[in-house]
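Have the structure open as you read.

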Amino acid sequence: MIHSDPDAAAPARGEEQPRSAPRAVLSPWTLIKRFLTMREGSISVVTIALIVYFSLSIPAFFTSSNFQTLLTYFTWLAILAGGEVFLMINGEIDLSIGGVYLFAPLLFYEIVGGGISLVPAVILTILVCTGIGVVNGVVTAILGVNSFITTLGTLFALEGLTLIVSHAEQLNMPGSAVSTSANGSSHLGTFASIFGAGVYSELVWAVVIIAIMQIALTRTRWGLHTIAVGSNRIAAAEAGVKVRLVVIRNFMVCSSLAGLVGIMEAVRSQSISPDPSSSNSVLLDAIAAAVIGGTLLAGGSGTIVGAFIGALFLGVLQDGLAIKGVNADYLDFYLGIAILFAMLINVYVGRVRRRTGVG
Amino acid sequence: MSGVFAGGLALADQSPPEELVVAPVSAHEDVLRVEHLAKSFGQVTALRDVSMHLKKGEVLGLLGDNGAGKSTLVKTICGFQKQDSGQMWLHGQPYEPKSVQHARELGVDVVYQDLALIDELSVYQNMFLCREERYSRLPFLNGAKMKREARKVLNDIGIRLPRLDVPVARLSGGQRQSIAVARGVYSNADILLLDEPLAAMGAKEGAMILELIARLKQEGNLSIIMILHNYVHVLESCDRVNMIVDGAIALDKPTAETSVLELNEIVVEQYRRARQAAQVQEVA
Ligand SMILES: Nc1ncnc2c1ncn2[C@@H]1O[C@H](COP(=O)(O)OP(=O)(O)O)[C@@H](O)[C@H]1O
Ligand SMILES: [Mg+2]
C-alpha cells in the first residue's frame, strides 16, 4: 500500500500535518516558484521581459527622455486602477470613473471661474467627486442596483453633463499656463508642477497613493473588511462587518481618485477636452490595468501593487509600440491579446497557488 | 394565520395537546427573555409566537425540525435581523440590538449555522474579524498579536492547526467549524448562541467541543443556547431543552425530566398529526 488512492488521502490532508515545517531550507527553485505564484509575480516578469525586449530592439527606448514619456502613459492610469482594484476586491465595479475623469476638470474650471483660488478649488472639486462616489455607493449598496448598471448610469450622466456645460468645446485649464520669463525660458507655476505638469509629479502621486492603498488593503480593518465583503457578503454581514458602509466608502475613494487624475491630466495637457471617447478609453484602460495586475472581477482578492504593475505594463506596451512606429490600429490589437494572455496566466497561477498553498 | 408553512404542518385549527405547555416565563435570574417573537419572510412564517427564557449559567438545548425557525430565532437574538413583532429582555432591560456588533457589545455572541467564515481570509483573520487587534496608536492591524492569541485559544480548546495564516478555505469542514466555535467562545460574551455547532464534525472533534462547553458551564459565567440535532448530545450537555414546533415553543423541560424516548415520541407524534391533518384536507 504505497500508493494510497486520492480518496484515502483526502481525510489525512485535513488533519494536522507539518507539511510546511522545514521553512528554513528553501531552494532557489522554490523561491522562484513562490515569486511567480504571487499575484503580482507573473505580470512583473512579463513587464520586465517587455522592457528588456524594447530596450534591446529600440535604442531610443531605454533613455531618460523616453522614461519621461513613459511616465505620461502609466502613472495616472495606476492611480485610477488602484481605486478600481479596491472596488473589484469588494465585488463591485465602477465604470463612472470615466465620467468623473472627464467632469472633474470642467467643474474645477467653473469653480475657479467663480473666484475661488486653485488649491481650494481642487479640494472642492474632489469633494464633489467624493459625493458622486456616495451616490454610486448608496444606489448600489442600499438600493441594491448592480454596480455595473449604477455606474454605467453615472458614467453617461457625467459625460453628458460635461458636454452640456462645456458645449463640447475645448477650454484652457486654469493654473496650467506656462509663463515665459524675460530671458526666454518657460516656467511652470508651483500649482501646475505639483498637480500633474511637473515631470515626476504624477509619478510621486501614483507611488504615494498606491503605497497608501496597498497598506490600507493589507494592514487595516478597512482592507480586511473589503476583502471579507467581496469574498462572502452574507458571512461578512453575519460576522458584523458593516457591508454597506464598506462598499460606499470604496466608491467614494474610487471617485475621488478619478477626480484627482482628471484634474492632473488636464493640468498636464493644459486643456480641458470634453471628449467622452477618450474618457471611455481611460476607463477601460484602468480596468485592464487592474485585471492584468492580478485582480479578479469575482471579488475577494486582488492587489494594488499589481494594478501599478499592470498600468506600467500597458504603458510600456503603448510607448514601445509607438516608438517602433507600429500603426495605432495594431496597438489595440496587441493590447487585447496582451490582456487575454495576462488573464490566462493569472487564472493558471491562481490555480497553482491554491494547490500549493502559497498564500 | 395558518400553519401551512414550516414543513407542511397544518395545526392551526387544533388546540395544542396538554403535554406541550409552555412553562411560565420566570424570574429575575433570567439573563435573556424573549416574548411573543414573530418573524416572517414574505409568505413564509418562520417564527409565529416564540416565548422563551435563559437562566444565568444555563445551557439550553433548542430542538426542532428542519425549517422550524431555530436559526431565525438565533439570528434575531444576535442582532442579525429584526423581528416583526415581540420583545426581548437582556438582564431585565429591554433588548433591541441594532446590529450584530451592537449585540456583541451587549455581551451576546453567536456561532452561525453557516459559520460566517470568509474563505479568502486566514484562520486568525477570521477569528478576529470585527474585533481586530490594532496597535495602540496606529490604525494598523497587529497581525502578530492576533496570531499569538488565536494560537493560544485554539491550543486551549485542543484544536491543532499547523499554520494560522492559511486561508480557511483550505481547512476541513470540522476544522472550519471549530474555528467558528472558538471565535464565539472567546469573545467575552456572557450569552452565547450556538447554531448546530457539531454539524460538520467527526466524533472526536464533536467530543472536544462538548467538553469545552461542559468546561464553560462549570465556570458558570456563560449562558448558552445551543441548537442540536442529536438527542443524546442534548441530554448529555444541556440543563434544559426547548422544542420549536410550527413557529412556537412546544416543549420546555429540564433535561433531567425527559429522555430520548420522550423527545422522539413528541417528534413522531407531531409528524403523525401533520399527516392526519393533511389527509383530512385531502378528503375534504
Ligand atoms: N432570509 C430568509 N429569507 C427567506 N426565508 C427564510 C430566510 N431565513 C429563513 N427562512 C425560512 O424560514 C423558515 C425557518 O428557517 P430556519 O430558521 O433556518 O429553520 P431551522 O434553522 O430551524 O432549520 C424556513 O422555511 C426558511 O426557508
Ligand atoms: Mg438552522
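## Rings and their neighbours

Start in chain A, where one aromatic cluster is made up of A:Phe108, A:Phe191, A:Phe195 and A:Trp205. Keep in mind that you're looking at a predicted model.

Counting over all chains, the structure holds eleven aromatic pairs. Take A:Trp76 and A:Tyr101: their ring centres are 6.4 Å apart and their planes meet at 35 degrees, so this pair is tilted. Stacked would need planes under 30 degrees apart, and edge-to-face over 60.

Over in chain B, have a look at B:Phe80 and B:Tyr112. Their rings pair edge-to-face, at 6.1 Å centre to centre and with 75 degrees between the planes. This pair also links distant parts of its chain, 32 residues apart, but here each partner sits in a loop. B:Phe80 is in the one between helix H1 (70-77) and strand S4 (85-90), and B:Tyr112 is in the one between strand S6 (108-111) and helix H3 (123-127).

So are these two partners buried or exposed? B:Phe80 has 28% relative accessibility, so it counts as partly exposed. B:Tyr112 comes in at 4%, so that one counts as buried.

One last stop in chain B brings in a charge: B:Arg33 lies over the face of B:Trp89, 5.2 Å from the ring centre.

Technical notes:
Residues numbered from 1 in each chain as written. Chains lettered and ligands numbered in written order. Predicted model: local features only at pLDDT ≥ 70, side-chain atom pairs only at ≥ 80, totals over all residues. Heavy atoms only, no water. Phe/Tyr/Trp six-rings, centres within 6.5 Å; stacked < 30°, edge-to-face > 60°. Helix = DSSP H or I, 4+ residues; strand = E, 2+ residues; numbered from the N terminus. Buried < 20%, exposed > 50% of the residue type's maximum accessible area, 1.4 Å probe, protein only. Lys NZ or Arg CZ within 6 Å of the ring centre and 35° of its normal.
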